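Have the structure open in your viewer, with the sequence alongside. The stops below are given in the order to select them.

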Amino acid sequence: MPQIGPYKLANQVALAPMAGVTDLPFRRLCARMGAGLVVSEMISSNPRLRNSRKTAWRSVHDAEVEPRSVQIAGSEPAELAAAARYNVDQGAQIIDINMGCPAKKVCRKAAGSALLADEALVRDILQAVSAAVDVPVTLKIRTGASPAARNGVSIARIAEDAGIAALAVHGRTRACKFEGVAEYDTIAAIVAATDFPVFANGDIDSPEKAAGILAHTGAAGVMVGRAAQGRPWLCGQIADYLAGKPVLAVPADQQLAILRQHLLALHDFYGEFMGVRIARKHVAWYLQDRPDYRARRSAFNSLQTPAEQLQQIDQLFHPDFNKELAA
């Protein structure tokens, strides 16, 4: 199994950090359902934002399954080093650095995947953060800035030289955003060029695809992103498949029980007002493959209280329009 510093993971499947998705309730749920590693939402390295409501929520790690991995984002080496120390003091056991996010608001600040175009700055950041903390530091990247500038292998070598403990690579460039399909040849080249654990990421939406990507790349593990939205059981299904165990479908009654647990956790974590609003997008992901999805999502989004939401999901999972999802 992959090992990150002193932490040997339970399996080869990690949940990707996703802003607005992998909050504490979702991480706990995915870990409970079989993810071998879960990573927090991106936390800005800007110290002026530490007291904001959003950062406060993202910095909560109570009762989280270990190892607690916290992702930080920024573009200044000293600021990122300070953010790493701060988050370790708050309970982080692994620090993950974001150099993979293609979002405009992140890249406009020369952070996220925008950093891949400046290898000297990448080196400075990785060396500064690695020297600042005594916990493992990991890195998430894309394959390069654009299809014409795929420098993922070079970045990976810089990372290994800087003492990075593990690397996750999304099989698209910054310019590709989430368009087209992920490519895995660059990830295979990175695996061949380095000795630390590499996690393949991008378009992994089934156990069979995960196994195929591992076979193609030789990666130590896979990192599941958007496909886990509304399917918190997916990481566990992939882990079972890779271990040669039967992959069980998730019947409707179990899906309903999981969704109820998720909603209750969101309402508790965020409070009634914000919990109801944040729950809406999660419920939409659970329902996205169901008949009459748009109308049912619209009806759910009009609800204003936790009690109304919990009552409505019982109706949304009625057998008349229900179906089992195997993955």
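Buried means under 20% relative accessible area, exposed over 50%, and partly exposed in between (1.4 Å probe, protein chains only). This is a predicted model, in which local features need pLDDT of at least 70, side-chain atom pairs count only at pLDDT 80 or more, and totals for chains, interfaces and linings use all residues. Residues are numbered from 1 along each chain as its sequence is written, and side-chain values use heavy atoms, with hydrogens and water left out.

Select Lys140 in strand β8 (residues 137-142); strands (E, at least two residues) are DSSP runs, numbered from the N terminus. Is Lys140 buried or exposed? Lys140 counts as buried because its relative accessibility is 11%. Show its contacts (heavy atoms within 4.5 Å): beyond four places in sequence, Lys140 touches residues including Asp96, Asn98, His170 and Asn201.

Next, select His170 in strand β9 (residues 166-170). His170 has 5% relative accessibility, so it counts as buried. Leaving aside neighbours within four places in sequence, His170 is in contact with Lys140, Ile141, Arg142, Thr143, Phe178, Asn201 and Gly202.

Move to Asp203, in the loop between β10 (198-201) and α8 (207-217). Asp203 is not a glycine, yet has a positive phi of about 65°. Finally, select Glu66 and Pro67: the peptide bond from Glu66 to Pro67 is cis, with omega near 0°. Most residues other than glycine have a negative phi, and most peptide bonds are trans.

Technical notes. Helices (H or I, at least four residues) and strands (E, at least two) are DSSP runs, numbered from the N terminus.
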